[in-house]
Amino acid sequence: MKVLVIGHSGQVARALVERADGDTVTALGRPEIDLAAPDTLARAFDAATPDVVVNAAAYTAVDAAESDEDAARALNATGPGRLAERCAADGVPLIHISTDYVFDGTLDRPYREDDPIAPQSAYGRTKAEGEAAVRAAGGRTLVARTAWVYSPFGKNFVKTMLRVGAERDTLTVVADQHGNPTSALDIADALLALARQSAAWPDGGEIVHVAGRGDTTWCDFARAIVASLPEPPTVKAITTADYPTPATRPANSRLDGTRLAERYGIAMPHWTQSLDVVLARLAGSPEG
Ligand SMILES: NC(=O)C1=CN([C@@H]2O[C@H](COP(=O)(O)OP(=O)(O)OC[C@H]3O[C@@H](n4cnc5c(N)ncnc54)[C@H](OP(=O)(O)O)[C@@H]3O)[C@@H](O)[C@H]2O)C=CC1
Ligand SMILES: Cc1cn([C@H]2C[C@H](O)[C@@H](COP(=O)(O)OP(=O)(O)O[C@H]3O[C@@H](C)C(=O)[C@@H](O)[C@H]3O)O2)c(=O)[nH]c1=O
Ligand SMILES: [Mg+2]
């Protein structure tokens, strides 16, 4: 299988390249493919002749998006719509990655794929528009929603907590937002398994939740991370109100993984198990 990944330097893009298991995975980011300038798609597409495309490129700076919504929209919605049109025209199945932040977080159970979305941030809004844009293109598209992504690569919460945890005696982290930490390495394995099953995707595509098993809060996630440091700092639980940020984040964005397991036979590892894998790699070198 030839997989074209849109995005090159990001966490999921790098994980997909690393986890390619007998498949040819080519990750193209800027300048070869600039999703904010969709005209660059055609040439890269012609060169790659993919069997499946995975869009792993996005504007992921949640707080910055509040004051930069047009740029976020170009990358998270307009570009993916154009990409999906190209895939539809060529009959190439597309996996488009989306986020738990499309939900408002008021539900008292994990979100299922068909629960109503109601994004509370500019990032979430533009990602929700992206979901609609790729599905409107009419091709065979799977929207894979994931959450709280960490990995040995790039910037993420795990690496931030390790860095600040080594510098300070006390960290303060919100304890009233609940979600599923997800290793990009596990996302890559799941997406490649989904890509191999593209012939079985429903016509018109669907949404599927792809997140780590088990849930936690950012505070308990931080505690599990810094426990690996030689001199772990104290992690003090605070509320969202104590930690004002430009973007509103959902209090509950846990994702239900039943569809992934039952329709596609894919079981995500528990987040604690995958965290150990990533921490062990980061202990060896800064990019794992
Ligand atoms: N990070 C998280 O916690 C979560 C992420 N997601 C979603 O998962 C997906 C992958 O996220 P993640 O790997 O963390 O992202 P990163 O922030 O690590 O990487 C962003 C990616 O976007 C690419 N990119 C940025 N601008 C452009 C552009 N103009 N044209 C083409 N590519 C561009 C970058 O590639 P390059 O620099 O090589 O051009 C890079 O591969 C996204 O859809 C995101 O919304 C969902 C839930 C949680
Ligand atoms: C760094 C830090 C963060 N926090 C809080 C802020 C926030 O509520 C939570 C997580 O902070 P971050 O900024 O790392 O997380 P955030 O950027 O909101 O992460 C999100 O990114 C996008 C791309 C997604 O799609 C989401 O699934 C999610 O992973 O922890 C603290 O309480 N203390 C701290 O020291
Ligand atoms: Mg962030």
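Analyst: Helix H6 (157-167) and strand S7 (170-174) each supply at least two residues of the shell around ligand 2. Helices (H or I, at least four residues) and strands (E, at least two) are DSSP runs, numbered from the N terminus. The model is predicted, so local features need pLDDT of at least 70 and side-chain atom pairs count only at pLDDT 80 or more, while totals for chains, interfaces and linings use all residues. Residues are numbered from 1 along each chain as its sequence is written, and chains are lettered from A and ligands numbered from 1 in the order in which they are written.

Which strand gives the largest share of the shell around ligand 2? Strand S7 does, with four residues. The shell holds 19 residues. A residue is near a molecule if its C-beta atom, placed from the backbone, lies within 6 Å of it. Thr-60, Val-62, Thr-99, Val-174 and Trp-218 are the closest to ligand 2. By class, 11 residues of this shell are nonpolar, six are polar and two are charged. Here Ala, Val, Leu, Ile, Met, Phe, Trp, Tyr, Cys and Pro count as nonpolar, Asp, Glu, Lys and Arg as charged, and the others, Gly among them, as polar.

Now look at H6 itself. Its buried residues are Val-158, Lys-159, Met-161 and Gly-165. They sit on the same side of H6, because they cover an arc of only 165 degrees around the axis. The arc is that of the directions from the helix axis to the C-beta atoms. Buried means 20 or more other C-beta atoms within 10 Å of a residue's own, exposed means 12 or fewer, and partly exposed is in between; C-beta atoms are placed from the backbone. Arg-163 and Glu-167 lie on the other side of H6, and both are exposed. What do the buried residues of H6 pack against? Their partners are S6, S7, helix H8 (218-226) and helix H10 (271-284). Contact here means C-beta atoms, placed from the backbone, within 7 Å.

Trp-148 is in the loop between S5 and S6. Its phi is positive, about 45 degrees, although Trp-148 is not a glycine. Is Trp-148 buried or exposed? Trp-148 is buried, because 26 other C-beta atoms lie within 10 Å. Compare Thr-49, in the loop between H2 and S3. Thr-49 also has a positive phi, near 35 degrees, in a residue other than glycine. But Thr-49 is exposed, with 10 other C-beta atoms within 10 Å.

Next comes ligand 1. Its shell has 26 residues, and Gly-7, His-8, Gly-10, Gly-29 and Ala-57 come nearest. Helix H1 (11-19) and strand S4 (94-99) each supply at least two of the shell residues. H1 gives the most, three residues. The shell divides into 13 nonpolar, 10 polar and three charged residues.

Six of its six residues are buried, so S4 is largely enclosed by the rest of the structure. Leu-94, His-96 and Ser-98 are buried on one side, and Ile-95, Ile-97 and Thr-99 on the other.

Which strands pair with S4? Two strands pair if DSSP finds at least two bridges between them. S3 (residues 52-55) is joined to S4 by three bridges, and the two run parallel. Val-54 has Ile-95 of S4 as its bridge partner. S5 (residues 141-146) also runs parallel to S4, with six bridges. Leu-94 stands opposite Thr-141 in S5. From S4 the chain crosses through helix H5 (residues 122-136) to S5, a right-handed β-α-β crossover. Right-handed means that, with the strands pointing away from the viewer, the path from the first strand over the helix to the second runs clockwise.

S3 also pairs with strand S1, in the parallel sense, over four bridges. In that pairing Leu-4 stands opposite Val-53. S1 (residues 2-6) is mostly covered, with four of its five residues buried. Five bridges join S1 to S2, and these strands run parallel. Ile-6 stands opposite Leu-28 in S2. S1, H1 and S2 form a right-handed β-α-β unit.

Pro-31 lies in the loop between S2 and helix H2 (41-48). The peptide bond from Arg-30 to Pro-31 is cis, with omega near 5 degrees.

Conventions
Two residues are in contact if their C-beta atoms, placed from the backbone, lie within 7 Å.
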